[in-house]
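Hello,

Here is the structure I promised to pass on. Please have a look, then read my notes below.

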Amino acid sequence: MFDEVAPRYDVMNDLLSLGQTRRWRKIVLDAVDASPGQRVLDLAAGTGTSSEPYADAGIDVVACDFSLGMLRVGKRRRPDIDFIAGDATNLPFADGSFDAVTISFGLRNVSDPRKALAEMLRVTKPGGRLVIAEFSSPVNPLWRTMYVEYLMRALPEIARRASSNPDAYVYLAESIRAWPDQDNLAAWLSAAGWTDVTYRNLSGGIVAVHRAYKPEAATGSPAAPPAQVRRARRSASR
Ligand SMILES: C[S@@+](CC[C@H](N)C(=O)[O-])C[C@H]1O[C@@H](n2cnc3c(N)ncnc32)[C@H](O)[C@@H]1O
């Protein structure tokens, strides 16, 4: 499916999010908080649009995805970025290879997201961080109702007119609705062995950015009791 939507993927993103993806990506970059000299894995990187801000900031970023169609579009556009084919549930990297791992709008698409969270933990250095940007649940009930209407009615209609593969966008709407909300995703992170899990809502909770750390002494296997989840005090909503 991603191979098919690859050529128009970025145009459709801007259109369907009404330009919001650019703002969301800047917030993710700040949350990853990487500096030159650090190595960052951008997982499910697709065409590399989520990897570009790191490369532009002089950070050593690896863009990994399992869709060769997406990777090809990315490599053509940004030959300077290191694109690597790999499956999020069986990553082609050694233990502790990265200072930070990030995944934007990709975890929901992975067939076994909990296995991917464990793999991300394995390839992160002890004390390293994880930042996930993913569609989530709007907090305000009225905003949630309007958003679900947009997802289920307007979005497939726009996609029908603008995309070569409208079914992919029906899948997008359905997968967003089936995805765990902010607290449940945070609980998945804790269960996978990540600690100090926090999140902040963007655009009223349409998107949530989760941040967590690999324990200094972690072995790569899931920790026993889930750590307590804290909600980030500052919300980027609205
Ligand atoms: C919606 S795109 C996100 C791309 C990019 N991160 C962005 O923000 O624009 C989701 C990506 O997840 C990738 N994906 C899904 N399952 C995957 C897996 N198991 N391993 C690696 N990539 C996967 C797809 O190929 C697709 O490129």
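A residue counts as buried if 20 or more other C-beta atoms lie within 10 Å of its own. Leu189 has 26 other C-beta atoms within 10 Å, so Leu189 is buried. Please keep in mind that this is a predicted model.

Let me stay with Leu189 for a moment. Leu189 sits in helix α9, residues 182–192. What does Leu189 touch, once its neighbours within four places in sequence are left aside? The contacts are Leu117, Trp194, Val197, His210 and Ala212. Leu121 is 68 residues away from Leu189 in sequence. In space, the two are 9.6 Å apart, C-alpha to C-alpha.

Now the strands. Strand β1 covers residues 39–43. Four of its five residues are buried, so β1 is mostly covered. Strand β1 pairs with β2 in parallel, through five bridges. In that pairing, Leu43 stands opposite Cys64 of β2. Strand β1 also pairs with β4, again in the parallel sense, over four bridges. Here Leu43 faces Ile103 of β4.

Strand β2 (residues 60–65) has a further pairing, with β3 (residues 82–85). These two run parallel and are joined by four bridges. Val62 stands opposite Asp82 in β3. How does the chain get from β2 to β3? The path goes through helix α5, residues 68–77, and this β-α-β crossover is right-handed.

Next, the ligand. There are 18 residues around the ligand. Which of them come nearest? They are Ala44, Gly46, Ser50, Ser67 and Ala88. By type, the shell divides into eight nonpolar, eight polar and two charged residues.

Asp87 lies in the loop between β3 and β4, the latter spanning 98–104. Is Asp87 buried, exposed or partly exposed? Asp87 has 16 C-beta neighbours inside 10 Å, so Asp87 counts as partly exposed.

Ala88 is also placed in the loop between β3 and β4. Ala88 counts as buried because 23 C-beta neighbours lie inside 10 Å. Residues up to four places away in sequence aside, Ala88 touches Leu43, Ala44, Val110, Ala116 and Glu119. Leu43 is the residue that stands opposite Cys64 in β2. Ala44 is, like Ala88, among the residues that come nearest to the ligand.

Last, some backbone angles. Most residues other than glycine have a negative phi. Asp33 has a positive phi, near 55°. Asp33 is located in the loop between α3 (20–32) and β1. With 11 other C-beta atoms within 10 Å, Asp33 is exposed. Asp196 also has a positive phi, about 50°, although it is not a glycine. Asp196 belongs to strand β6, residues 195–202. Because 16 other C-beta atoms lie within 10 Å, Asp196 is partly exposed.

Best wishes

Methods. Residues numbered from 1 in each chain as written. Predicted model: local features only at pLDDT ≥ 70, side-chain atom pairs only at ≥ 80, totals over all residues. Near = placed C-beta within 6 Å. Nonpolar A, V, L, I, M, F, W, Y, C, P; charged D, E, K, R; others polar. Pairing = 2+ DSSP bridges. Right-handed = clockwise from strand over helix to strand, strands pointing away. Buried ≥ 20, exposed ≤ 12 C-beta atoms within 10 Å, placed from the backbone. Contact = placed C-beta atoms within 7 Å.
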